[in-house]
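I set out below what I looked up in this entry. The notes run from the whole chain down to single residues.

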Amino acid sequence: MKKLSKSSNWIIVSLFLLISVILIGLLSYSSPMYEFNYSGDNNNYMTVGKSMMHGIVPYKDLFEQKGPYVYLIYGLASKISFETFIGSAVFEILILTLIIWLTYKIARLYLQDYLAFGVSLFVPVFVFMQPFYTYGATVEFFVFPAILSLIYLTLKSGRQNFEISKLDWFIQGFLVGVVFFSKYTLLGSWIAFYLIIFGIYLYQRRFPAIAKLFWSSLSGFILATVPWLIYFWIENGLQQFFDVYFYTNIFMYGSVNGNGLTRLINSISTYIQFLVTSNPVITGLVLVAIFTLYCNRRVINNKATFKVIVAMMLTNAILAVIGGTFGAYYLLAYFPYLVLAYLLLVVALNKKGMLKSLHAGLLTTILLILGSIFMTISVNQNLQYSKLFPNNPAITNHGGKKVQESAQIKFGKIMKNESDGRPTLLTFGFLENGFYTTSGAYPNVRFFERNNIPYKKYPQMLDDAAAAIEKKKTQWVVIVVDATTNNNLDYQIKNSFKKHVYKRGINALNDSYEIRAHHAQFSQGNQVEYVLYKLK
């Protein structure tokens, strides 16, 4: 095999970037290949992010539960493209490039350069595998390269008795701060890593190493977190930040109720189900990797390194879904370790001399890139909802030759055309799916949507939203119901909003608003009909 020179690294990164542009362009709903990104989560992030750029303070002025770094990314994305997700696609391309590059760095610890390059090209298969990746970048997607960087540091430093530089500790401390202020349940890998490495240092009486670990990591963590605390303090939003991001997430949000033991059992059960039954490719990889590693135990020569990696993997698995899941995308947090299993499997096969036929060359590189693209497309079905297929179910339930638009695009145009100035909007009773983005509206109601928190746990959310309708705080209101089959929309609305505060909200809508438009389409696994109300 031909060994790539260091001067060729820019070519390698350029090829990784090229692949990322192609795959994000083909498979992410944020891409111009798609009419719009209909994901509730992505639109939440975009709405809060662009509002933050406009001087609206998260948590204080808008109730949403992810960490501020998520809103910062989407806020910056909104500066690139305000009413579309093209800006988000740019960030997704950069993140995917980083994922492939870090995989390459890990592979180079064990493989010759060209083989490491070839192996890394196929890591997008794990990134885009459905149902774990659907619409576009989630927090789990953004944290993916951070976990890979920790895996790389663990494997690399394990060869030198975990001698780690101040810069590496600083970087990991900074990443801990970023993840802590993005989605702290994804910190499992770092918790295990820091505790075990500290234990090793303490056992070996390496006190200078402990000091370096502590101060360098703390410096990075402070740099990542303190500016946010200062920002919320200046904006008089520090209390709301702690109330929403920590208290509400820990005690109210989640699909699993019960004590810590119940949540732990659920996490372990979810992880086992993921490994065994979620996908034949995953199950096959896990079984083959376990068998191969058992037969080739010297793939990771250092037993301590192997134990640290296993501890990181298990802690990550337990904490990632400790509150339950609201979608398969939560499980994308497991995938950095599947990538590692894939790499170690290749390393084991290479040690057996089974990959000697791979030689560097232009034709081989082209075939590898094409193979990567087509294999990735084979595990993701998003293309059927792209602009290549007009009037697909994500856009409309009614076909025909005339090209139609989704509710998001259709309603957005109506609101912009029929509003005096910037539209004011409330999405009542559901997780916002893009109407703030397409209309260009900034929320003027704190509870601008219904988050996944039961009414009994947090009644204020829907109570305040219903009160906003009664007080006519917004010119426009959007609701969603199951798609009607008999064209009896009024009955469907009445039947869907007949309980407690929902009925109160609908009564207020009927009193002060009128239906301006409605549209049926497929949304996140369901046939739904969106209804747009306009203030009379």
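What radius of gyration would a compact globule of 536 residues have, and what does the protein chain have? I found that a compact globule would be near 24 Å and that the protein chain has 25 Å, which agrees. The radius is taken over C-alpha atoms, and the globule rule is 2.2 Å times the number of residues to the power 0.38.

I noted the basis of the entry: this is a predicted model, in which local features need pLDDT of at least 70 and side-chain atom pairs count only at pLDDT 80 or more, while totals for chains, interfaces and linings use all residues. Residues are numbered from 1 along each chain as its sequence is written, and side-chain values use heavy atoms, with hydrogens and water left out.

**Whole chain.** I recorded 21 helices and 4 strands in the protein chain; these are DSSP runs numbered from the N terminus, helices being H or I with at least four residues and strands E with at least two. Along the principal axes, the C-alpha atoms fill a box of roughly 75 × 55 × 40 Å. Of the 536 residues, 56% count as buried (under 20% relative accessible area, with exposed over 50% and partly exposed in between; 1.4 Å probe, protein chains only). I also looked at contacts (heavy atoms within 4.5 Å): among those between residues at least 6 apart in sequence, 75% join residues at least 24 apart.

**Helix H3.** I took helix H3 (residues 68-80) next: its 13 residues reach 19 Å from the first C-alpha to the last, close to the 18 Å expected at 1.5 Å a residue. The expected span is 1.5 Å times one less than the number of residues. The buried residues of H3 include Tyr-69, Val-70, Tyr-74 and Ala-77. Among the elements that cover the buried residues of H3, I listed helix H2 (40-53), helix H4 (86-108), H7 and H8.

**Backbone.** I found a cis peptide bond from Gln-130 to Pro-131, with omega near 10 degrees. Pro-131 sits in the loop between helix H6 (124-127) and helix H7 (139-158).

Phe-162 has phi near 60 degrees, a positive value in a residue other than glycine. The loop that holds Phe-162 runs between H7 and helix H8 (166-180). Is Phe-162 buried or exposed? Phe-162 counts as buried because its relative accessibility is 1%.

Asn-236 likewise has a positive phi, near 55 degrees, and lies in the loop between helix H10 (207-234) and helix H11 (238-251). Asn-236 counts as exposed, because its relative accessibility is 59%.
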